[in-house]
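Hi,

Here is the structure I promised to pass on. Have a look at it first, and then read my notes below.

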Amino acid sequence: MAAVPLYCVCRQPYDVSRFMIECDICKDWFHGSCVQVEEHHAVDIDVYHCPNCDVTQGPSLMKKRNNWHRHDYTEPDDGSKPVQAGTPVFIKELQNRTFTSGEEILRRMKGEQVTPKYLERQGFNYPIVITEMEGLGLKLPAPTFSVKDVEQYVVSISFGHHKMRETVFCCFFFVFFQPILS
Ligand SMILES: [Zn+2]
Ligand SMILES: [Zn+2]
């Protein structure tokens, strides 16, 4: 029987559950925890040098930051690409924005007014507060309905238009009715 290959400074066989990084010099693989490389930091490393190789080759080379508005900040043609949510540029822009108060954009409507026809005509571009349930023709989700359930419904979007409409209403109810009821 062939010997099981061993990796890393700890010389252990491969364990699928542990994050590993390959040394670009010696091509051995290392556990992140054995060489102090966090998995989410590994994406920033361009050329990795393990603890054995950095003695002769110097430290790992990090990716050069070309931009602050993209998650992949090494994209070659980033100049023409839009700002991505969550990037430093996005956060700065968000902090500098002023927002109208919720009361100014909320539409207060009665259940009977919120029909599929209305939504088809007007779209669903503003949050709607339904002041009276009557005539809406929809039931509230159970009190146990949670964000996890929303996720379930969103997953089912791909199964057809009918489900999608239910999803929209479910999210809608969850957001606007749940705080009032609980
Ligand atoms: Zn190890
Ligand atoms: Zn190495």
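Two strands pair if DSSP finds at least two bridges between them. Helices (H or I, at least four residues) and strands (E, at least two) are DSSP runs, numbered from the N terminus. With that in hand, strand β5 (residues 107-110) and strand β6 (residues 128-132) pair in the parallel sense, over four bridges.

A word on conventions. This is a predicted model, in which local features need pLDDT of at least 70, side-chain atom pairs count only at pLDDT 80 or more, and totals for chains, interfaces and linings use all residues. Residues are numbered from 1 along each chain as its sequence is written, while chains are lettered from A and ligands numbered from 1 in the order in which they are written.

How confident is the predictor? The average pLDDT (the predictor's confidence in each residue, from 0 to 100) is 81 for the chain, and 82% of the residues score at least 70. Residues 176-182 stay under 50, and the model has three contacts for them beyond four places in sequence; a contact means that two C-beta atoms, placed from the backbone, lie within 7 Å. Where pLDDT is low, the predicted coordinates should not be read in detail.

Now the overall layout. There are seven helices and six strands in the chain, and from the N terminus on the order is β-β-α-β-α-β-α-α-β-α-β-α-α. Of the contacts with a separation of 6 or more, 24% join residues 24 or more positions apart. Buried residues make up 7% of the 182 in the chain, where buried means 20 or more other C-beta atoms within 10 Å of the residue's own, exposed 12 or fewer, and partly exposed in between.

Which residues form the largest nonpolar core? This core has nine: C8, M20, I21, C23, F30, V35, V37, Y48 and C50. A nonpolar core here is a set of buried Ala, Val, Leu, Ile, Met, Phe, Trp, Tyr and Cys residues joined through C-beta atoms within 7 Å. M20 touches W29, F30, H31 and G32, leaving aside residues up to four places away in sequence.

C8, in the segment before β1 (20-22), has a phi of about 70°, and it counts as buried because it has 22 C-beta neighbours inside 10 Å. K27, in the loop between β1 and β2 (29-31), has a phi near 65°, but it counts as exposed because it has 9 such neighbours.

Finally, I45 sits in strand β3 (residues 45-47). I45 has 15 other C-beta atoms within 10 Å, so it is partly exposed. It touches S60 and M62, not counting residues up to four places away in sequence, and its C-alpha atom is 5.6 Å from that of K63, 18 residues apart along the chain.

Best wishes
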